[in-house]
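Subject: Handover of a structure and notes on it

Dear colleague,

Please find the structure below, together with its sequence. My notes on it follow.

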Amino acid sequence: MIGRLNHVAIAVESVEKASAVYRDALGAKVTEPETLFEHGVTVVFVELPNTKIELLEPYGENSPIAGFVAKSPSGGIHHICYEVDDILAAREQLKGAGARVLGDGEPKIGAHGKPVLFLHPKDFCGTLIELEQA
């Protein structure tokens, strides 16, 4: 079921400042910021030869990552995203195995314009998992 690693997400106070670190210090290609209103974040992607790093900044008072950034103002790894061929089949298989799907359990459109779901970190070794339709 699990496919390739799509990205590792790092929550930060400012995508502008974090982008500068990756671009200027590491020489990475960084996308322009995009605000995902439904998800309560502003994102940029650091493009690597084999995957991406997603930098997440809280957007709005009800951002789901605001608490994470408040606890770790210098930033930190927030989640890991894996691709799956069929997100609905993956959801059903995971639920059958006892995994908890966050939110209402229905896929939402993510930063790449594809359906995504999040899985409870307590079910995956303390790591928040995002699944993205390949």
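Leaving aside neighbours within four places in sequence, which residues is Val 44 in contact with? Val 44 is in contact with Val 15, Ser 19, Val 30, Thr 31, Glu 32, Pro 33, Ile 53, Glu 54 and Leu 55, where contact means heavy atoms within 4.5 Å.

The model is predicted, so local features need pLDDT of at least 70 and side-chain atom pairs count only at pLDDT 80 or more, while totals for chains, interfaces and linings use all residues. Residues are numbered from 1 along each chain as its sequence is written, and side-chain values use heavy atoms, with hydrogens and water left out.

Val 44 belongs to the largest nonpolar core, which has 12 residues: Val 8, Ile 10, Val 12, Val 15, Ala 18, Tyr 22, Ala 28, Val 30, Val 44, Val 46, Ile 53 and Leu 55. A nonpolar core is a set of buried Ala, Val, Leu, Ile, Met, Phe, Trp, Tyr and Cys residues joined through side-chain atoms within 4.5 Å; buried means under 20% relative accessible area, exposed over 50%, and partly exposed in between (1.4 Å probe, protein chains only). Two or more residues each come from β1 (2-11), α1 (15-25), β4 (41-47) and β5 (52-58). These elements are DSSP runs numbered from the N terminus, with helices (H or I) of at least four residues and strands (E) of at least two. The helix α1 gives the most, with 3 residues. A second, separate core of 10 residues includes Leu 94, Val 101, Leu 117 and Leu 119.

In α1, the buried residues are Val 15, Ala 18, Ser 19 and Tyr 22. Seen down the helix axis, they fall within an arc of 100 degrees (taken from the directions from the axis to the C-beta atoms), so they line one face of α1. They pack against β1, β2 (29-30), β4 and β5. The face turned away from this buried side carries the exposed residues Glu 16, Lys 17, Asp 24 and Ala 25.

The strand β5 is largely enclosed by the rest of the structure, because 5 of its 7 residues are buried. Strands pair if DSSP finds at least two bridges between them. β5 runs parallel to β1, with 5 bridges, and antiparallel to β4, with 7 bridges. Leu 56 in β5 is the bridge partner of Ala 11 and also of Val 43. A hairpin joins β4 to β5 through 4 residues.

Yours sincerely
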